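Dear colleague,

Please find the structure for your review below. My notes on what was found in it follow directly after.

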Amino acid sequence: MERWLFETTWVHVFEEDTADGAVYRSENDVIPLSRRPRERLSLDPDGSARLYAAGPDDRFVERRATWKDERGTLVIVPDTGDMEVRIIDRSPSRLIVRKARRP
């Protein structure tokens, strides 16, 4: 697995979203300021992950998760099991992400 994937927190840059999915960039990139809180995710080499979303007062709420590689697509599932996040494309400069509710 690519080392750079684990060396940053990835930030949703919704202005760059495409029909393929949501665009996430490294927090070390220049990310435009936004009044809307930006979701974030981070991965660890041991298969653990963290998803961050805005809570009721706009502070980030962390959700613990796990990830696995399914034929080149990274699938992240929060401990609650209610959704999955799929990283369908990745490079050192950006991730393309799709989210889906789980039944």
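In these notes a residue is called buried when its relative accessible area is under 20%, exposed when that area is over 50%, and partly exposed in between, using a 1.4 Å probe and protein chains only. This is a predicted model, in which local features need pLDDT of at least 70 and side-chain atom pairs count only at pLDDT 80 or more, while totals for chains, interfaces and linings use all residues. Residues are numbered from 1 along each chain as its sequence is written, and side-chain values use heavy atoms, with hydrogens and water left out.

The chain as a whole

The chain contains eight strands and zero helices; these elements are DSSP runs numbered from the N terminus, with helices (H or I) of at least four residues and strands (E) of at least two. Along its principal axes, the C-alpha trace spans about 35 × 30 × 25 Å. Of the 103 residues in the chain, 39% are buried.

Val23

Val23 lies in strand β2, which covers residues 22-26. This residue counts as buried because its relative accessible area is 0%. Beyond its neighbours within four places in sequence, Val23 is in contact (heavy atoms within 4.5 Å) with several residues, among them Val11, Val13, Arg94 and Ile96. Leu95 is another residue on that list of contacts: Val23 and Leu95 are 72 residues apart in sequence, yet their C-alpha atoms are 5.8 Å apart in space.

With kind regards
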